[in-house]
Amino acid sequence: MKCPRCGCQTDRVVESRPGKDGSSIRRRRECTECGFRFTSYERVELKPIIVIKKNGKHQPFDINKVEHGIRVCTEKINISPEDFERTMFNIENRVNELAGPKRTITSEMIGEEALKELYKLNPVAYVRFAAVYRAFDDVKQFISEIEKIAKDANEEKR
């Protein structure tokens, strides 16, 4: 595996453990050149997932598109790399589950799964993503979403 810091092709596995759902293996690696530690995941590769867009077009699922959207909405928010990685992992696993044996999923389902994970991660990131994903076009929609978060937070305190 190529080191993300220096590009060296050699590393050693420091720790391996099964993923929470048993469908993957998490490996902590250390570059033999620079000593940088990073995490890799090993999973079974399945038939590609096809996303059915709102306009009816079909295209292959690309987790990088989802990741880009989530990176944009988490900019300047203090989120650890581990939490970000876990969020992306959870979204990708859920998309795989929802795609099922037919290996198709709607873009709406992907967006909703991203929102669920962002809600757990950070309320500001959630509202930012929701604003774009749900195409808020006035302040009332923002206020409604923020009131929902505040209500949920108050219920959790009880």
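Trainee: How many aromatic pairs does the count come to?
Mentor: The count comes to three aromatic pairs. Keep in mind that the model is predicted. One of the pairs is F36 with F38: the ring centres are 6.3 Å apart and the planes stand at 15°, so the pair is stacked.
Trainee: Is F38 buried or exposed?
Mentor: F38 counts as buried, because its relative accessibility of 7% falls under the 20% cut-off. F36 counts as partly exposed, at 25%.
Trainee: And what kind of pair do Y119 and Y126 form?
Mentor: Y119 and Y126 are edge-to-face, with 5.0 Å from centre to centre and 80° between the planes. Y126 is buried, at 3% relative accessible area, whereas Y119 is partly exposed, at 26%.
Trainee: Now the sheet. What order do the strands have?
Mentor: The order is β1-β2-β3, in an open sheet of three strands with antiparallel pairing.
Trainee: Which strands stand at the edges?
Mentor: β1 (11–18) and β3 (37–43) do. Each has a single partner strand, so one side of each has no neighbour in the sheet. From one strand to the next, the twist averages 25°.
Trainee: How many bridges are there between β1 and β2?
Mentor: Seven bridges, with β2 covering residues 24–31. As for who faces whom, S16 is opposite R27 of β2.
Trainee: Which helix packs on the sheet?
Mentor: Helix α2, residues 81–99, which touches β2 and β3. The direction of α2 makes about 10° with that of β3.

Methods. Residues numbered from 1 in each chain as written. Predicted model: local features only at pLDDT ≥ 70, side-chain atom pairs only at ≥ 80, totals over all residues. Heavy atoms only, no water. Phe/Tyr/Trp six-rings, centres within 6.5 Å; stacked < 30°, edge-to-face > 60°. Buried < 20%, exposed > 50% of the residue type's maximum accessible area, 1.4 Å probe, protein only. Pairing = 2+ DSSP bridges. Helix = DSSP H or I, 4+ residues; strand = E, 2+ residues; numbered from the N terminus. Axes fitted to C-alpha atoms, helices over the stretch in contact; angles between N-to-C directions. Contact = heavy atoms within 4.5 Å.
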